[in-house]
Amino acid sequence: MIGTRFLQSGAAVMGEVELSCRAYVKMYLHACLFPRCSVNGLLLSSSSAGGAVCVTDCVPLLHSHLSLAPVTQLALTQVDVWCSQTQQRIVGYYQANACASDCSPTQAAMKIADKIAEQFDGAVVLMLDGSKMSPDYRVPPIVMYERKDSRWMLKDKHTIMLRQWEETHGIAIQMLESGDHSLLVDFDSHLDDITRDWTNQKLNAKIAELASPANGNI
């Protein structure tokens with residue numbers, strides 16, 4: 001991974017991003033559920049640790065028309081309201097491009113990330129590297145960007161912390177192979193059928209069930 005280290009344990013430090021099992025698994029399953037599409041979502045935090053950005057959850061947003069501003073704004077507004085009700089905040093953005101070899105943020109991605117950065121100074125962009133998402137690939141398929149001087153730059157001097165990466169990777173693969181990725185509901189799917197839960201409580205419970213014995217937390 002270019003310029004980025006992945007740690008399994010250790011104390012969080014300023015400038016570091018800690019990614020929970022739940023957040024990673026949902027990002028991964030979102031991309032796998034729509035393998036021929038670009039997908040995106042929002043990174044959430046319910047805690048802070050010594051200045052680190054602690055990504056504790058994510059909300060899968062779209063798998064079509066990622067650049068459609070009205071839909072994106074509607075999603076951002078609804079997620080923001082839900083976060084205020086659940087003591088969470090939006091701290092970043094993720095995206096996986098339809099072209100597996102392309103892990104650069106698009107103009108639409110940067111516009112959404114700019115909106116998030118207006119509300120949270122430490123906002124980050126996580127791009128999923130589709131070329132490294134196969135079960136046999138043992139390194140987290142993530143490239144991270146941070147905002148510096150009004151530009152989004154590859155974050156190559158800090159760390160992403162994934163506690164118990166091997167277990168988290170195993171849970172993601174297990175859920176994919178068992179078909180549990182079909183439980184995931186993104187905001188796009190919710191708009192097609194408003195009875196479907198974009199907060200993904202059922203999926204969260206399944207991840208928690210698998211993660212608790214492995215990680216001790218989610």
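The legends below accompany close-up views of a predicted model.

Residues are numbered from 1 along each chain as its sequence is written, and side-chain values use heavy atoms, with hydrogens and water left out. Because the model is predicted, local features need pLDDT of at least 70 and side-chain atom pairs count only at pLDDT 80 or more, whereas totals for chains, interfaces and linings use all residues.

**View 1. The largest nonpolar core and its residue L126.** A nonpolar core is here a set of buried Ala, Val, Leu, Ile, Met, Phe, Trp, Tyr and Cys residues joined through side-chain atoms within 4.5 Å, where buried stands for under 20% relative accessible area, exposed for over 50% and partly exposed for values in between (1.4 Å probe, protein chains only). The largest such core holds 66 residues, and those touching the most other members are L19, Y24, V25, L42, L43, V79 and L126. Helix α1 (residues 21-33) supplies the largest share of this core, nine residues; helices (H or I, at least four residues) and strands (E, at least two) are DSSP runs numbered from the N terminus. With contact taken as heavy atoms within 4.5 Å, and residues up to four places away in sequence not counted, L126 touches L19, M27, L43, Y93, Y94, Q95, I142, V143, M144 and I160.

**View 2. V39 in strand β3 (residues 39-45).** V39 is buried, at a relative accessible area of 0%. Leaving aside neighbours within four places in sequence, the contacts of V39 are H30, A31, F34, L62, H63, L66, Y94, Q95 and A96. Between V39 and A98, 59 residues apart in sequence, the C-alpha to C-alpha distance is 7.7 Å.

**View 3. Helix α2 (residues 69-85) and its two faces.** The 17 residues of α2 reach 24 Å from the first C-alpha to the last, close to the 24 Å expected at 1.5 Å a residue, the expected span being 1.5 Å times one less than the number of residues. Buried residues of α2 are T72, A75, L76, V79, W82 and C83. Seen down the helix axis, these buried residues fall within an arc of 135 degrees, so they line one face of α2; the arc is that of the directions from the helix axis to the C-beta atoms. The face turned away from the buried side carries the exposed residues P70, S84 and Q85, and just after α2, Q87 takes a positive phi of about 55 degrees.

**View 4. Salt bridges around D57.** A salt bridge is a side-chain nitrogen of Lys or Arg within 4 Å of a carboxyl oxygen of Asp or Glu, and a search of the whole structure finds seven. The side chains of R22 and D57 meet in one of them (3.3 Å, N to O); R22 lies in helix α1 and D57 in strand β6 (residues 57-60), so the pair ties together parts that are 35 residues apart in sequence. K26 and D57 also form a salt bridge (2.8 Å, N to O). K26 is buried at 0% relative accessibility, and D57 is buried with a relative accessible area of 3%.

**View 5. The loop between β9 (142-148) and β10 (151-154).** D149, located in this loop, has a positive phi near 50 degrees and is exposed at 76% relative accessibility. S150, found in the loop between β9 and β10, has a positive phi near 65 degrees and is exposed, with a relative accessible area of 58%.
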